[in-house]
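This briefing sets out the computed features of a single model. The sequence and structure are displayed first, and the points that follow are grouped by topic.

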Amino acid sequence: MPVTTHLRYVLRSVVAATTLAAIGLTAPQVSAAEGPSASGVAISPTASKATRTIAAAQTEAVRATSNLCGSTYVLQSAERLPDARRFGTLFTYTRGNAGYTGACAVFDNNTGTAKYMKLKLCTNRTEPRCDTDEGTFSQYAGPVTITGTHSEIFCSKSTAIMKSTKTSTAALIDRVDYATPCN
């Protein structure tokens, strides 16, 4: 994503958070099917215990990334990458009640310095539709979103890459995983 587009996302998030705070709202409303986390953000009933633990520990990051994806999405997964060292955290969100109709991902940079980051989210198809954001970011890559039928969103995949620079040969993070449940 070009820097101007990335800055537009940041500005929109700041404006949205300021507006919500001014009218006394701090988090999207939670439906009965989803449970709230300590951050007040809705969590998918299929989210793992590890995701719930991370959401409780990183409430500000969960709120911020949720705002980037939008109020119709619920937290599906939060994963510290590459491991407990946590150079980055990959947050994925899903949308839809009867079946998934959308997925959103944000790759949080936890290093404190700008890194080359690439985040890609693809539908579950033989010829997938993908949304990609890449560049040198100090805060996060994304949001990236995909929408479609339940069968396209179910088993969708995310790719998160972080390197010191774009031309670095060694990756700090190189993770490909399912962004939505896949049973």
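## Structural briefing

The model is a predicted one, in which local features need pLDDT of at least 70 and side-chain atom pairs count only at pLDDT 80 or more, while totals for chains, interfaces and linings use all residues. Residues are numbered from 1 along each chain as its sequence is written, and side-chain values use heavy atoms, with hydrogens and water left out.

**Overall architecture**

- The chain contains four helices and 10 strands; helices (H or I, at least four residues) and strands (E, at least two) are DSSP runs, numbered from the N terminus.
- Along the sequence, these elements follow the pattern α-β-β-α-α-β-β-β-β-β-β-α-β-β.
- Of the chain's 183 residues, 42% count as buried. Buried denotes under 20% relative accessible area, exposed over 50%, and partly exposed in between, with a 1.4 Å probe and protein chains only.

**Sheet and strand pairing**

- Four strands form an open sheet in the order β7-β6-β9-β10, with antiparallel pairing. The edges are β7 (130-137) and β10 (171-178), each with a single partner strand, so one side of each is left without a neighbour in the sheet.
- On average, neighbouring strands of this sheet are turned by 5 degrees against each other, direction ignored. Axes are lines fitted to C-alpha atoms, for helices over the stretch in contact, and angles run from 0 to 180 degrees between N-to-C directions.
- Seven bridges pair strand β9 (residues 157-163) with β10 in the antiparallel sense; two strands pair if DSSP finds at least two bridges between them. Lysine 163 stands opposite alanine 171 in β10.
- Strand β5 (residues 102-109) is joined to β8 by six bridges, and the two run antiparallel. The bridge partner of alanine 105 is valine 144 in β8.
- In strand β8 (residues 140-147), six of the eight residues are buried, so the strand is largely enclosed by the rest of the structure.

**Helix faces**

- Helix α2 (residues 49-57) has Thr51, Ile54 and Ala55 as its buried residues. Viewed down the axis of α2, these fall within an arc of 100 degrees, so they line one face of the helix. The arc is that of the directions from the helix axis to the C-beta atoms.
- Lys49 and Ala57 are exposed residues on the face of α2 turned away from its buried side.
- In helix α3 (residues 59-69), the residues Ala61, Val62, Thr65, Ser66, Leu68 and Cys69 are buried. Viewed down the axis of α3, the buried residues fall within an arc of 155 degrees, so they too line one face of the helix.
- An α-helix has 3.6 residues a turn, so residues three or four places apart point the same way.

- One cavity of 30 Å³ or more is found in a search of the whole structure. On a 1 Å grid over the protein atoms alone, a cavity is a set of points where a 1.4 Å probe fits but cannot get out, and lining residues have an atom within 4 Å of a point.
- The largest cavity has a volume of about 50 Å³. Grid points are joined across faces, edges and corners, and a volume is the space filled by probe spheres set on the points.
- The lining of the largest cavity consists of Ser77, Glu79, Leu90, Thr92, Ser158, Asp177, Tyr178 and Ala179. The elements that give two or more residues to this lining are β3 (74-81), β4 (88-95) and β10.
- By class, the lining has three nonpolar, three polar and two charged residues. Ala, Val, Leu, Ile, Met, Phe, Trp, Tyr, Cys and Pro count as nonpolar, Asp, Glu, Lys and Arg as charged, and the others, Gly among them, as polar.

**Backbone geometry**

- Most residues other than glycine have a negative phi, and most peptide bonds are trans.
- The peptide bond from leucine 81 to proline 82 is cis, with omega near 0 degrees; proline 82 lies in the loop between β3 and β4.
- Glycine 142 and proline 143 are joined by a cis peptide bond with omega about 5 degrees, and proline 143 lies in strand β8.
- Arginine 86, although not a glycine, has a positive phi of about 50 degrees. Arginine 86 is located in the loop between β3 and β4 and counts as partly exposed at 30% relative accessibility.
- Cysteine 155, a residue other than glycine, has a positive phi near 70 degrees. Cysteine 155 sits in the loop between α4 (150-153) and β9 and is buried, with a relative accessible area of 11%.

Terms used:
1 Å grid on protein atoms, 1.4 Å probe; cavity = no way out; pocket = protein on both sides within 12 Å on 5 of 7 lines; lining within 4 Å.
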